[in-house]
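Okay, thanks for coming, everyone. Let me put the model up and then walk you through it.

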Amino acid sequence: MTGRRRARTLAARRRRRLILAAAVLVALAGPLAVAAAGAELTAGSVRLTRLQQELRAEQLTEARLELQLAELETPAHLAGLGTTAGAASARTGAAGGAP
């Protein structure tokens, strides 16, 4: 009878240790999951900041190019191109007239 009682006591101890180990794992898993999620959010935030900076740089480049295009399309600039082209063709005789 003492052998059976001892076996039950050992089994009960094993169950208690198993339950305690499971409780400790569950207690540690929560904060670990929160830390992992925080790290993932931080990495995403860094990536978002980098992409926003790239977007701002591209928007500035686009605005600069639009300004250049607007300056090149002004009537004064286009008239100057026509005068320069006319003078060049007159020198080479390509305007359709006699040299």
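**One turn along the helix**

Let's start with glutamate 54 and arginine 50: they sit four residues apart in helix H1, so about one helical turn separates them. Helices here are DSSP runs of H or I, at least four residues, strands are E runs of at least two, and both are numbered from the N terminus.

Quick housekeeping. This is a predicted model, so to speak, where local features need pLDDT of at least 70 and side-chain atom pairs count only at pLDDT 80 or more, while totals for chains, interfaces and linings use all residues. Residues are numbered from 1 along each chain as its sequence is written, and side-chain values use heavy atoms, with hydrogens and water left out.

Back to our pair. Side chains of opposite charge can pair when their charged atoms come close. The glutamate 54 and arginine 50 side chains do meet in a salt bridge, 3.0 Å from N to O. By that I mean a side-chain nitrogen of Lys or Arg within 4 Å of a carboxyl oxygen of Asp or Glu. How many turn up in the whole structure? The search finds one.

Glutamate 54 is partly exposed at 41% relative accessibility, and arginine 50 is partly exposed with 41% as well. The cut-offs: buried is under 20% relative accessible area, exposed is over 50%, partly exposed is in between, with a 1.4 Å probe and protein chains only.

Zooming out, the chain has two helices and zero strands. Of its 99 residues, 1% are buried.

Now, arginine 16. That one lies in helix H1, residues 2-72, and counts as exposed because its relative accessible area is 53%.

Last stop, valine 24. This residue is also found in helix H1.
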